[in-house]
Amino acid sequence: MASNDHLSTLDAIIPDAGGKAVDDPEAPPPDAIKKKKTKSPPFSNYWRILSFGTQVEHGALLVAIGCAAASGVALPLMNIVFGHLVGSFNGYFIPGSGITEHQFKSSVAQNALYIVYLFIGKFVLSYIARFFFRTAGLRISASLRLAYMRSLFAQPIQKLDEISTGTVANTITSSANTIQLSISDRLSALFQGLALIVSAFVIAFKYSWLLTLVTSSGILFVIVVYSITTPFALKAQQRVDKADEKHATVASEAISSIRTVFSLGAEPKLVKKHSKFADESHKYAMKMGPVMGMQLAPIYFAIYACYALAFWFGLKLYREGEYMLKY
């Protein structure tokens, strides 16, 4: 009897993850909560996140965007240099081409220098872009943490009593880390990829518009695959985040009331509750594997299939005399 009284007292002190200490008669039923639809965040929230930065961060982001775009253009330019290098070898070793050994060596040396210069330029520009993006991401995420804490402390005392400390810690940590990672890595990859795609299409259309249109079919396949699999991946990630929030709440509440936990001998119950939510998180995380496999496997298949298609169709055009390489 005493043990049961102790456990019931503990439930009043340490509530379930995300729940209340006691049943609230005015709380809505669970079915009503499940039926309540959550609104997707508007696109303006992205600009709102960047608005937490100062003029220094905004200037650093502009410099980083320019460097990332310039580093993305370097790879398509590298293909042009390789094309000129292959053309020099073909021209010299074809009988009767009229290219002397001195001209051949001079052309090869010049193209090799261009490759070195492009490598140095891409390395420097990528380093500058990553440095400024990472610095700006750290400062903006720090400002967001500070604004979150100010907004939290500005809430009424009653509202603060209803919020679990574990939920607050998990929310501010996961959200700030996600924003920091997005600005530091994803934003850099976005502008670098956009610059690479635009410059690659410009160069490709210059040399062969027909071959470019044929190989661009892989992009449509990638778009379709991402459109189908991305909602499932996001839903699986949300389940993992919810489960992580639950076991983080249990751990935070137990540590904050560690004296009460030991005095009532409730360690096994809390360990069991924490393990339950941790196992739930692990189960949802394991289910993400097949979803990510369904997303990545067709993408890599499309990449290598585009390589094969480009070789086959390029040789077909060359044999039919409709396409000639000119460097």
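Figure 1. Leu61 is buried because its relative accessible area is 7%, where buried means under 20%, exposed over 50% and partly exposed in between (1.4 Å probe, protein chains only). The model shown here is predicted, so local features need pLDDT of at least 70 and side-chain atom pairs count only at pLDDT 80 or more, while totals for chains, interfaces and linings use all residues. Residues are numbered from 1 along each chain as its sequence is written, and side-chain values use heavy atoms, with hydrogens and water left out. Leu61 sits in helix α4, which spans residues 55-93; helices (H or I, at least four residues) and strands (E, at least two) are DSSP runs numbered from the N terminus. Once neighbours within four places in sequence are set aside, the contacts of Leu61 are Leu50, Phe133, Ala136, Ile140 and Ile183, a contact being heavy atoms within 4.5 Å.

**Figure 2. The largest nonpolar core.** Which residues make up the largest nonpolar core? Its 11 members are Leu61, Ala64, Cys67, Ala68, Ala129, Phe133, Ala136, Ile140, Leu144, Ile179 and Ile183. A nonpolar core is a set of buried Ala, Val, Leu, Ile, Met, Phe, Trp, Tyr and Cys residues joined through side-chain atoms within 4.5 Å. Two or more residues come from each of α4, α5 (101-153) and α7 (165-207), and α5 gives the largest share, with five residues. Leu144, one of the core members, touches Ile49, Phe52 and Ile179 when residues up to four places away in sequence are not counted.

**Figure 3. Ser141, a buried serine in helix α5.** Take a look at Ser141, which is located in helix α5. Is Ser141 buried or exposed? Its relative accessible area is 2%, so Ser141 is buried. Leaving out neighbours within four places in sequence, Ser141 contacts Ala176 and Gln180.

Figure 4. Val240 belongs to helix α9 and is buried, with a relative accessible area of 8%. What does Val240 touch, not counting residues up to four places away in sequence? The partners are Ser281, Tyr284, Ala285 and Met288. Between Val240 and Met288 there are 48 residues of separation in sequence and 9.1 Å in space, C-alpha to C-alpha.

Figure 5. A pair of aromatic rings is described by the distance of the centres and the angle of the planes. Here, rings of Phe, Tyr and Trp (its six-membered ring) pair if their centres lie within 6.5 Å, with planes under 30 degrees apart counted as stacked, over 60 as edge-to-face and the rest as tilted. The whole structure has 11 aromatic pairs. In one of them, the rings of Tyr92 and Phe93 have centres 5.1 Å apart and planes at 80°, so this pair is edge-to-face. Tyr92 is partly exposed, with a relative accessible area of 26%, whereas Phe93 is exposed at 57%. Phe93 also pairs with Phe104; the centres are 5.9 Å apart and the planes are at 75°, so this pair is edge-to-face. That pair links distant parts of the chain, with Phe93 in helix α4 and Phe104 in helix α5, 11 residues apart. Phe104 is buried, its relative accessible area being 12%. Together, Phe89, Tyr92, Phe93 and Phe104 form one aromatic cluster.

**Figure 6. The protein as a whole.** How many helices and strands does the protein have? There are 11 helices and zero strands. Of its 327 residues, 26% count as buried. Among contacts with a separation of 6 or more, 82% come from residues 24 or more positions apart.
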